[in-house]
Amino acid sequence: MVRGKIQIKKIENTTSRQVTFSKRRKGLFKKAHELSVLCDAQVAAIIFSQKGRLYDFASSDIQKTIKRYAEYKTEYFVAESHPMEQYVQGLKKEMVTMVEKIEMLEVHNRKLMGQNLASCSVKELQEIATQIEKSLHIVRSRKAKLYGDEIEKLKAKERELKDERVRLCGRVGERPMGTPSSSKEKEDVETDLVIGFPKSRR
């Protein structure tokens with residue numbers, strides 16, 4: 001007969017739960033004993049029942065096994081905590097360094113704005129003046145470039161408008177302002193001017 005798969009969940013029936021606990025506990029201790037014998041391992045198992053009763057198994061002295069476990073866990077946690085502590089300490093040092101750099105930049109910026117100059121030496125003042133002049137040169141160069149670019153854009157726009165005006169005048173048959181007249185328009189019209197009485201016809 002094939003045994004059905006047991007669903008792992010709490011057994012609600014108290015009697016069935018107690019019977020299952022007893023069977024499973026004995027089976028667990030049996031497997032622990034087999035593991036210790038077959039593999040020459042130091043094995044210990046501790047179980048507390050629902051009512052608080054203690055059951056234990058150990059392949060050797062359980063007190064020594066528990067002591068060994070406690071010592072190992074202490075060493076393990078200390079070893080594991082060192083990298084984390086070093087990481088935290090590194091972050092703290094980086095934070096202190098960043099704060100110092102920010103404070104230095106703030107002091108320098110205030111000096112560039114003409115503040116807190118009483119403690120500056122002549123050399124420091126000269127360095128500040130040189131840096132301000134360099135900054136002004138960069139700003140003026142950038143400003144001139146922007147103006148030049150804007151002028152070029154306006155000139156290009158002006159050329160486009162002129163071309164558009166010529167094109168529109170060509171459509172309506174008018175001569176654009178400022179363009180030379182044709183050769184026919186340049187020819188002088190000859191007229192005869194006669195002073196006196198007109199000659200009589202014969």
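Mentor: We take the aromatic pairs, then the pockets.

Mentor: This is a predicted model, where local features need pLDDT of at least 70, side-chain atom pairs count only at pLDDT 80 or more, and totals for chains, interfaces and linings use all residues. Residues are numbered from 1 along each chain as its sequence is written, and side-chain values use heavy atoms, with hydrogens and water left out.

Trainee: How many aromatic pairs does a search of the whole structure find?

Mentor: The search finds 2. Rings of Phe, Tyr and Trp (its six-membered ring) pair if their centres lie within 6.5 Å; planes under 30 degrees apart are stacked, over 60 edge-to-face, the rest tilted. Phe21 and Tyr55 form an edge-to-face pair, 5.7 Å centre to centre with 65° between the planes.

Trainee: Which parts does the pair of Phe21 and Tyr55 tie together?

Mentor: Phe21 lies in helix 1 (residues 14–39) and Tyr55 in strand 2 (residues 54–58), so the pair ties together parts 34 residues apart in sequence. Helices (H or I, at least four residues) and strands (E, at least two) are DSSP runs, numbered from the N terminus.

Trainee: Is Tyr55 buried or exposed?

Mentor: Tyr55 is buried, at 15% relative accessibility. Phe21 is partly exposed, at 23%. The cut-offs are under 20% relative accessible area for buried, over 50% for exposed and partly exposed in between (1.4 Å probe, protein chains only).

Trainee: And what about Phe29 and Phe57?

Mentor: Those two are stacked, 6.1 Å centre to centre with 25° between the planes. Phe29 sits in helix 1 and Phe57 in strand 2, 28 residues apart. Phe29 is buried at 14%, and Phe57 is buried at 16%.

Trainee: New topic. What volume does the largest pocket have?

Mentor: About 350 Å³. A pocket is an open set of points on a 1 Å grid over the protein atoms alone, with protein on both sides within 12 Å along at least five of seven lines; lining residues have an atom within 4 Å of a point. Grid points are joined across faces, edges and corners, and the volume is the space filled by probe spheres set on them.

Trainee: Which residues lie nearest its centre?

Mentor: Of 13 lining residues, Arg17, Gln18, Phe21, Ser49 and Gln50 do. Helix 1 gives the most to that lining, with 7 residues.

Trainee: What about the second largest pocket, which element gives the most to its lining?

Mentor: Helix 2 does, with 5 residues. The second largest pocket has a volume of about 180 Å³. Its lining includes Ile46, Ile66 and Tyr69.

Technical notes
On a 1 Å grid over the protein atoms alone, a cavity is a set of points where a 1.4 Å probe fits but cannot get out, and a pocket is an open set with protein on both sides within 12 Å along at least five of seven lines; lining residues have an atom within 4 Å of a point.
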